Structure formats: C-alpha cells, structure tokens
Amino acid sequence: MSAAGGRDAILGSIRRSLGRGPLDEAARAVLDERMAKPQPNLVPARTDIDQDEKVALFTSMAEAVFATVDRVSGPEAVPGAVADYLAQHNLPPALVMAPDPGLDAYPWADRPMLAIRRGRAEEADRVGVTGAVMGFAETGTLMMTSGPDHPSTLNFLPETHIVVLPAERIGGAYEEGWAHLRAEAGSDSDGGFMPRTVNLVTGPSRTADIEQTIALGAHGPRRLHILIVEGGES
C-alpha cells in the first residue's frame, strides 16, 4: 500500500467512527488548497533579525532552558570540542553517533582516542552525537527527524546528547522548519513523504512533578550540549 493509500485508509476509518461520510468535492477542494498552500501562523517579532542575531538569540534561549552551547570556528574544530567537553564532565571518550553523512564532514580521525560507534543508541550508551535539521531562535529549540541516518533512540537514551549544528541551519521561527520539511519531502505524486517522527527538543529532559523541584534527566538526556559550527555548510 502506498503512503497516500495508507493515509486515506486511516482517515476513512476515523470518519466512519465519527459517523461522517466522504467529503463532497467542494469541501475536498478547499482542504486540498489549504494543504497545498499552508499559511504560517503568528511569528514572534523577535525573530525578524539578521542571521548573526538569530544565532545569538538561539544561544541565549537554549542556555535559558539549561542547555549548554559552544561556538566553534569551523568543521575542523568539532572533534576537539567534543573531546574537550567529555573531559570537562569526566565522561569516557566513547560515544554513539548517528549514521548521518553530514557528520562525515568532520575530521573525527584527528582525535583517535574517541571511540565512535555509528548506529542506534543502546541502554549502556552514555553519550550520543547527532546533527539536527534546524535550530530555532524563537525558543532555542532543535528540530530532529527520524530516519536511517538519525535513529530516534539517539535523542532519548544517552544521558548526554551532543548536537552538531551548522550556524546556517539556525532559523527564526518554527514555521521555517515545517516549510523546509515540506520542500524536502516533495509531494505524494513524486514519491515524497514527511519523516515518520519529528522531535522538537528544547533543552535537556526535565520535570518538576515532585514537590515542584526541577529535576534533570527524568525522561531523557540530563545534558544537552550544542556545538554551533561557523561555516559548517559553506
């Protein structure tokens, strides 16, 4: 069954459970137009700034929700920055990394003491390294999508999550991320489809369920470290 056929089957089942019949042609045309030309929601005025200001705002917003951020001068500095971060936090130089071809641009061989395994995270993994589709200055949030090059377990299982993010991928508002995904996916007619899972990550995992006291790492990583790479995709 095609993606479109599966979607139609699921939505048809929901309609039947609600006691609704098929849409008439006029209603379908209105909805098809809306889906083909989605309109952005309200966008905060604070995101209408130049790229350098977006990077600065993203950094301040991310740090406000307990993430840590480091800016490096270029791709060649990434392996050293990762190794230094692990040493500063007394973590072993071993990590599981997303099998993302974008991460191959960084010279990991320059740090031979880093033990790197590519693939999905397992329970014993303490440190995970991934990229991100985009970062949003609006709230210091990262957009992650699932797929063969980014198993979702990497976002949640390791207690330390390191994200390597080229500065060029930092946008203003969430709407930019959804527009990017639509453009990447294409349409049903040309075989395109959206990712199965989209995770929006704002800071490390935390909760205040117990006595209204913030506890980190309750449902995912207790540390989120973001490496912003200048000139990372130039």
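1. Which residue caps the N-terminal end of α3? In this predicted model, the cap is aspartate 50, with a side-chain oxygen 3.3 Å from the backbone nitrogen of aspartate 52. Helix α3 comprises 14 residues, 51-64. From its first C-alpha to its last, α3 reaches 20 Å, close to the 20 Å expected at 1.5 Å a residue. Lys54, Val55, Leu57, Phe58, Thr59 and Ala62 are the buried residues of α3. Just after this helix, phenylalanine 66 adopts a positive phi of about 80°.

2. Helix α2 (residues 25-36) also has an N-terminal cap, here provided by aspartate 24. One of its side-chain oxygens is placed 3.2 Å from the backbone nitrogen of alanine 26. The 12 residues of α2 should span 16 Å at 1.5 Å a residue, and the end C-alpha atoms are 16 Å apart, which agrees. The number of buried residues in α2 is 0, so the helix lies largely in the open.

3. A nonpolar patch on the surface is formed by Ile10, Leu11, Ile14 and Leu18, which together have about 390 Å² of accessible area. Leucine 11 belongs to helix α1 (residues 3-17). Its relative accessibility is 40%, and leucine 11 therefore counts as partly exposed, the range for that class lying between 20% and 50%.

4. Side chains of opposite charge can pair when their charged atoms come close. The structure contains 7 salt bridges. One of them joins glutamate 33 to lysine 37, with 3.6 Å between the closest N and O atoms. Lysine 37 is exposed, because its relative accessible area is 53% and the exposed class begins over 50%. Glutamate 33, at 43% relative accessibility, counts as partly exposed.

5. Arginine 71 and glutamate 230 form another salt bridge, in which the closest N and O atoms are 2.6 Å apart. This pair links distant parts of the chain, 159 residues apart: arginine 71 is in strand β1 (residues 68-72), and glutamate 230 is in the segment after β12 (223-229). Arginine 71 has a relative accessibility of 42% and counts as partly exposed. Glutamate 230 is likewise partly exposed, with a relative accessible area of 27%.

6. A salt bridge also brings together the side chains of arginine 118 and aspartate 104, at 3.1 Å from N to O. Arginine 118 is in strand β3 (residues 115-118) and aspartate 104 is in the loop between β2 (94-97) and β3, so the pair ties together parts that are 14 residues apart in sequence. Arginine 118 counts as partly exposed, at 35% relative accessibility.

7. Where does serine 152 lie? Serine 152 is located in the loop between β6 (141-145) and α5 (153-156). Its relative accessibility of 22% places serine 152 among the partly exposed residues, since the buried class requires a value under 20%. Apart from neighbours within four places in sequence, serine 152 is in contact with Ser146, Thr197 and Asn199. The C-alpha atoms of serine 152 and arginine 120 are separated by 7.7 Å, although these residues are 32 residues apart along the chain.

Notes:
Residues are numbered from 1 along each chain as its sequence is written. This is a predicted model: local features need pLDDT of at least 70, side-chain atom pairs count only at pLDDT 80 or more; totals for chains, interfaces and linings use all residues. Side-chain values use heavy atoms; hydrogens and water are left out. Patches are made of residues with over 30% relative accessible area and no salt bridge: like charges are joined within 9 Å, nonpolar side chains (Val, Leu, Ile, Met, Phe, Trp, Tyr) within 5 Å. Accessible areas come from the Shrake-Rupley method with a 1.4 Å probe; for residues, only the protein chains shown count as cover. A salt bridge is a side-chain nitrogen of Lys or Arg within 4 Å of a carboxyl oxygen of Asp or Glu. Helices (H or I, at least four residues) and strands (E, at least two) are DSSP runs, numbered from the N terminus. Buried means under 20% relative accessible area, exposed over 50%, partly exposed in between (1.4 Å probe, protein chains only). The expected span of a helix is 1.5 Å times one less than its number of residues. A polar contact is a pair of N or O atoms within 3.5 Å; within protein, one must be able to donate a hydrogen and the other to accept it, and residues adjacent in sequence count only if both atoms are side-chain atoms. Contact means heavy atoms within 4.5 Å.
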